[in-house]
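Here is a briefing for a reader new to this structure. Look over the sequence and the model, then take the topics one by one.

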Amino acid sequence: MIKVENGYFKIDTPNTTYLFKVNPLGILEHIYYGKKIPSSKDYSFIEEQAKYGGGTLTGDNEYAIYEDCASLEASSSKRGDSRETFLNLSFDSNDREFVLKYKAYRISNGVNLDTLPSSHDKAQTLSVILEDENRGIEVTLNYSVFEDTDVIVRNSSIKNVGKSLIKIERIMSSSFDMIDGDFTLVTLNGAWAKERQINEAPLAMGITKVSSNYGFSSAQTNPFTILKKKETTFVGGEAYGFNLLYSGNHMTTYERTMYHKVRVMAGINDYSFSWTLNPNAVFEAPEATLCYSYQGINKLSHEYHQFVRNHIIRSEFKDKEKPILINNWEGTYFNFTEESLLGIAKKAKEVGIEMLVLDDGWFGKRNSDSTSLGDWYPNLEKLPEGIKGLSEKVHSLGLKFGLWFEPEMISPDSDLYRSHPEWAIKHKSYVPLLSRNQLVLDLTNEEVVKYIGDVVSSLIKDAKLDYVKWDCNRNIGDYYNENLDNQEEFLHRYMLGFYKLVKHVTEECPNVLFESCSAGGNRADLGLLCYMPQFWCSDNSDQVSRMMIQEGTLLCYPQCCIGAHVSSSLSHQTLRTATYDNKFNVACIGAFGYELDLTKLNERELQAIKDQITWFKKHRKLLQLGDFYQIKSFYTDNTQEFVIVSSDKSEAMYFVGNKVFMPYACPTIIKPIELNNEYVYEVSSRAQYQNALLGKGEMCESSEWTILGETFMNAGIRLPYEWLSGNGPEKRIMEDFGSRLYYIEKKEA
Ligand code: GLA
């Protein structure tokens, strides 16, 4: 998959080629990244002769280039290139000049990082080593490929092989120059309760920086971005995806120049970052990912889903169906007792739910968000037999049991803070800023990492927990630890401590299902997914908001990672009312559960939930692990539509979500993709309980169809008006924000 010939480095994935060379000056020139091409002796037909342009000329009479307008692989020299560079170093007296030249390469199997999360089961890794002998630096660029996905993983590292200190002011994980500048940039932006909204804009001239300064990967800007052509659709056209395995401050920059190029770089955000590199020390940058698709956005997402499922997630839950849970948070908030929880658990068992999750409020004196983070022992007033006792009782009902923690945090009103005020992050001269009444523990301090790791993992083991929700409800305000010589190292050191902590706890408890959470979906990133196979997607479980949030999230992250719950009919976030079935239709594609007080529902509602669960269990594998393809977008169409197809194409699920009902609206014709042309399929709609809820009559089934795959995918099926039995013929198209699921199954011959 990786070939090195005549100075060319050719990296092939199943469908793409990434090509660069060492030029006679020892500089790496980027040549091509796109659809797979056969190997050739030379690539002069596509190579650029960067002999036009302006600026300074690097080279001699034999070979010279204008670096400023050349396509470079990991450009570092500011001597000829006036663009942003992937590595910024400073030496004595703020001298920043250095020149990296090719030294050697090696190809190895795999290779994981030592200090940071890293993808696994790589097929091959190419390492290209660059050096500046004058400065005593050696830089390694790594490129890894896999047999089953087009995602390429890159990272870089730098070693100080000289005798003096070097200050790293920026080190990007990946950088290259695309030969064409005309793109639309797609980013995922948001805030609490509206994470990962899809934004598209033409890529502007100059520098566009997509980044987080929050200390975490953040809801404001997810590290995943796409560059696509204007004409690219879900099913056709070119698209490039980029992401980073990092949960801290990240940045991806796009520099579009007058020479029709875009330099794309991704790595740790250089805002408030620098690192002092001692002689012999190595700094390792996080892994970055690249992916190219010539078959539209769906193919790009498909490659990322495949990559996440096979090379990021490594817990024993990798290919497993997730248990249906009930979380008490929106049902009770802080106001619960062992008795009320067991009441919910019993009802849960009756309707077929498989796990009870106890959320915030079980520890210390925690009856509101103003106290007790850090005091991870049970509140015996609420839970007289502790977490262990409750866990036994829940288990004896035949349910699994899970618990909420917020390990990185500390409340000023806590026993932990009273005994260790120095463990909270604080600047020596300023009062620390509070958020949700809490401070952040200083994970640059190894003692803190060890203490929290031991407390949390012993509790998990002692109470025989099956699941942990690992929350993190505020961002970092102060970047400071008085023992550091260089305060700009703080945040990255915090991330190293954080990864050590999550690695320790997840390795200590390998059979426990971990779900990360961060005030909803503030930390949905590939870094944390290496340790925890799913994330709580958003605190907003209103089905309309979720259609938008999940569409954005699914661009990169597969369904099995996305925590999605049915909450009470009146949404606590938007105050919109919806039927349980409409909420279910949207939530059931993810790591699915409920989040309400089941003891408050009437018999009809409980029956609806029971029916949902029976249906869900039949289709869970398809919904969570099937291949996802978007067909219509909530952002641009009047319906949102997608299909999830099993890998053997013997079954599929089609989702249609409405925006608002309009008389004589365009008919809804469902046309799945990626089925088998030759199979005959039976199509059935899930029982429409919402009709009954609307008081329009009894539950009724929509029509069923039998149709050839080829006909279905080309002509489609026109959805009928739904007839509600009862008071004579009444016609209605789907209600406002209503949705339907159609199960498609291959008919046995
Ligand atoms: C965060 C989470 C919620 C819930 C609360 C508890 O906001 O996103 O799901 O766990 O914390 O305080």
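Two residues are in contact when heavy atoms of theirs lie within 4.5 Å. By that rule, and leaving aside neighbours within four places in sequence, F317 is in contact with K322, N511, V512, L513 and P533. The model is a predicted one.

- F317 is found in the loop between α1 (296–312) and β23 (325–327).
- F317 has a relative accessible area of 11%. Buried means under 20%, so F317 counts as buried.
- F317 and V680 are 363 residues apart in sequence. In space, their C-alpha atoms are 33 Å apart.
- K464 lies in another setting: the loop between α6 (446–462) and β28 (467–470).
- K464 has a relative accessibility of 59%. Exposed means over 50%, so K464 counts as exposed.
- Leaving aside neighbours within four places in sequence, K464 is in contact with S391 and H395.
- K464 and K346 are 118 residues apart in sequence, and 19 Å separate them in space, C-alpha to C-alpha.

**Around the ligand**

- There are 13 residues around the ligand. Those that come nearest are D359, D360, K469, G520 and D539.
- K469 places a polar side-chain atom 2.8 Å from an oxygen atom of the ligand.
- G520 takes part through its backbone: a polar backbone atom is 2.8 Å from an oxygen atom of the ligand.
- D539 uses its side chain, where an N or O atom is 2.6 Å from an oxygen atom of the ligand.
- On its own, the ligand has 300 Å² of accessible area, and the protein covers 96% of it.

**Salt bridges**

- The count of salt bridges comes to 43. Three of these pairs follow.
- E73 and R154 meet through their side chains in a salt bridge, at 3.2 Å from N to O.
- E507 and K503 form a salt bridge at 3.3 Å from N to O.
- E507 and K503 are four residues apart in helix α7 (residues 490–508), so about one helical turn separates them.
- E507 is exposed, with a relative accessible area of 52%. K503 is partly exposed, at 39%.

**A buried aspartate: D375**

- Where is D375 placed? D375 is in the loop between β24 (355–358) and α4 (386–396).
- D375 is buried yet has no salt bridge. The nearest side chain of opposite charge is R418, 4.9 Å away.
- What does the side chain of D375 reach at 3.0 Å? The side chain reaches the backbone nitrogen of L416.
- L416 is also among the contacts of D375, together with F363, G364, S414 and D415, once neighbours within four places in sequence are left aside.

- Most residues other than glycine have a negative phi.
- V111 is not a glycine, but its phi is positive, at about 85 degrees.
- V111 lies in the loop between β8 (101–108) and β9 (124–132). With 39% relative accessibility, V111 counts as partly exposed.
- L575 is not a glycine either, and has a positive phi of about 60 degrees.
- L575 lies in the loop between β31 (562–567) and α10 (580–587). Its relative accessible area is 63%, so L575 is exposed.

Notes
Residues are numbered from 1 along each chain as its sequence is written. This is a predicted model: local features need pLDDT of at least 70, side-chain atom pairs count only at pLDDT 80 or more; totals for chains, interfaces and linings use all residues. Side-chain values use heavy atoms; hydrogens and water are left out. Helices (H or I, at least four residues) and strands (E, at least two) are DSSP runs, numbered from the N terminus. Buried means under 20% relative accessible area, exposed over 50%, partly exposed in between (1.4 Å probe, protein chains only). Lys and Arg count as positive and Asp and Glu as negative; His and the chain ends are not counted. A salt bridge is a side-chain nitrogen of Lys or Arg within 4 Å of a carboxyl oxygen of Asp or Glu. A polar contact is a pair of N or O atoms within 3.5 Å; within protein, one must be able to donate a hydrogen and the other to accept it, and residues adjacent in sequence count only if both atoms are side-chain atoms. A residue is near a molecule or strand if one of its heavy atoms lies within 4 Å of it. Accessible areas come from the Shrake-Rupley method with a 1.4 Å probe; for residues, only the protein chains shown count as cover.
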